[in-house]
Amino acid sequence: MPKSIRFQKNGGPEVLQLEEVGVGDPGPGEARVLHKACGVNFLDIYQRSGLYKLPLPSGAGNEGSGVVEAVGAGVTHVKPGDRVAYAGGPIGAYCAARNMPADRLCILPEGLSFEQGAAMMLKGMTAQYLIRRTYRVQPGDTVLFHAAAGGVGLIACQWLKALGATVIGTAGSDMKCALAKAHGADYCINYRTEKFNERVKDITKGAGVPVVYDSVGKDTFMGSLECLRPLGMMVSFGSSSGLV
């Protein structure tokens, strides 16, 4: 019987348990996926800890990739043998196999590995809604993106650079700053050794930036506000350092 990681109560990693869970045949509109990889995100930690409330007991994980084993009635866009990836639930990606709503599955191109497929979906969609929907970055914009060396940040840096933006990143070490620069950041501030808000003011000659993307939360929120130009937009989309 396939194994799945589940938790009965909220807490740290110690609440995660490996259990055998029956999968069965996919129902109408579903596909059974044999997992090859699953994505690990801060969202999973928020759900496990109880910061984001879930009915318990619960599975864990929101993102994965694998091979379609079977499909239910009405499913036409994927078939057995297809390589697929998905993100966005339902929760339960930390497992060997599962039935998924088939409309959540995307065909994984042969040029991408299962590991890449499981790692890119949630982060890529996050970058897309941030820089194309929340504040639509335009050529010539100067953007501050915190945690620029993280999964979302590395995708965002490349995308922002391709859009013609000037990218100011932050990260927690010189090595991470070098990684962000290698992926498109024009500047990267080590916020452990520099006051990023003062450095942003220097870079922009006091003008500030039209948008800040901040997934760090408590440690950066107030400084981020200081980096904005008049009527700029502060986008808070995470709290890795704690709640604001």
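Select F42, Y46 and Y52: the three make up one aromatic cluster. Rings of Phe, Tyr and Trp (its six-membered ring) pair if their centres lie within 6.5 Å; planes under 30 degrees apart count as stacked, over 60 as edge-to-face and the rest as tilted. The model is predicted, so local features need pLDDT of at least 70 and side-chain atom pairs pLDDT 80 or more, while totals for chains, interfaces and linings use all residues. Numbering starts from 1 along each chain as its sequence is written, and side-chain values use heavy atoms, without hydrogens and water.

The whole structure holds 4 aromatic pairs. Show F145 and Y213, a tilted pair with 5.4 Å centre to centre and 40 degrees between the planes. F145 belongs to strand β9 and Y213 to strand β12, 68 residues apart. Strands (E, at least two residues) and helices (H or I, at least four) are DSSP runs numbered from the N terminus.

Next, go to R83, whose charged end sits over the ring of F114, 4.5 Å from its centre. The criterion is NZ of Lys or CZ of Arg within 6 Å of the ring centre and within 35 degrees of the ring normal.

Now colour the open sheet, with 5 strands in the order β11-β10-β9-β12-β13 and parallel pairing. Strands pair if DSSP finds at least two bridges between them. β11 (187-190) and β13 (228-236) are the edges; each has a single partner strand, so one side of each has no neighbour in the sheet. Between β12 and β13 there are 5 bridges, and V209 stands opposite L228 in β13.

Centre on L130: beyond neighbours within four places in sequence, its contacts (heavy atoms within 4.5 Å) are Y135, F145, V152, Y213, V235 and F237.

Finish at N197, in helix α5 (residues 196-203). Is N197 buried or exposed? N197 is buried, with a relative accessible area of 17%. N197 touches G223, E226 and C227, leaving out residues up to four places away in sequence.

Technical notes
Buried < 20%, exposed > 50% of the residue type's maximum accessible area, 1.4 Å probe, protein only.
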